[in-house]
Amino acid sequence: MFILDLTYTNPDRADGVRADHMTWIKQQFDAGAFIASGRKVSGDGGVIIAAGGTRAEVEALAATDPFVTRDVAAYRITEFLATTTAPALEDYRQQAG
């Protein structure tokens, strides 16, 4: 599982790209790649929880975000093992190595 921590690099341009970014987000939910996303309360970006795939695949996917392709934001990606989850997320629970 992955945490995609998005931070605006050009926040003044974010509003002009947001609709395309949200279309991209919806496509990833529809494909089953994302299980949660939202804006940071600080207003300087957003956070996405991605399930499945390899780190390379998630990095490649993040690189297709319109916020990235249009130089509005950058991602910091953290991989983790979701060994404990809420019952509703049991299908995403992972085993430690």
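Helices (H or I, at least four residues) and strands (E, at least two) are taken as DSSP runs and numbered from the N terminus. The structure is a predicted model, in which local features need pLDDT of at least 70 and side-chain atom pairs count only at pLDDT 80 or more, whereas totals for chains, interfaces and linings use all residues. Residues are numbered from 1 along each chain as its sequence is written, and side-chain values use heavy atoms, with hydrogens and water left out.

In the segment after β4 lies A82, which counts as buried because its relative accessibility is 5%, where buried means under 20% relative accessible area, exposed over 50% and partly exposed in between (1.4 Å probe, protein chains only). Contact being defined as heavy atoms within 4.5 Å, A82 is in contact with M1, Y92, R93 and Q94 when its neighbours within four places in sequence are left aside. The C-alpha atoms of A82 and Q94 are separated by 5.3 Å, although the two residues stand twelve residues apart along the chain.

In soluble globular proteins, nonpolar side chains tend to be buried together. I77 is in contact with F2, I3, L4, R55, V58, E59 and A62, leaving aside its neighbours within four places in sequence.

F67 is found in helix α3 and is buried, with a relative accessible area of 1%. Not counting residues up to four places away in sequence, F67 touches L6, Y8, A14, V17, R18, H21, V72 and A73; F67 and V17 are 50 residues apart in sequence and 6.5 Å apart in space, C-alpha to C-alpha. P66, which also lies in helix α3, counts as buried at 10% relative accessibility, and its contacts, with residues up to four places away in sequence not counted, are V17, D20, H21 and W24.

H21 is located in helix α1 and counts as buried, its relative accessibility being 8%. With residues up to four places away in sequence not counted, H21 touches L6, D65, P66, F67 and Y75. The side chains of H21 and D65 are joined by a polar contact of 2.8 Å, a term that denotes a pair of N or O atoms within 3.5 Å, of which, within protein, one must be able to donate a hydrogen and the other to accept it, residues adjacent in sequence counting only if both atoms are side-chain atoms.

D71, in the loop between α3 (66-69) and β4, has a positive phi of about 55 degrees although it is not a glycine, and is partly exposed, with a relative accessible area of 47%.
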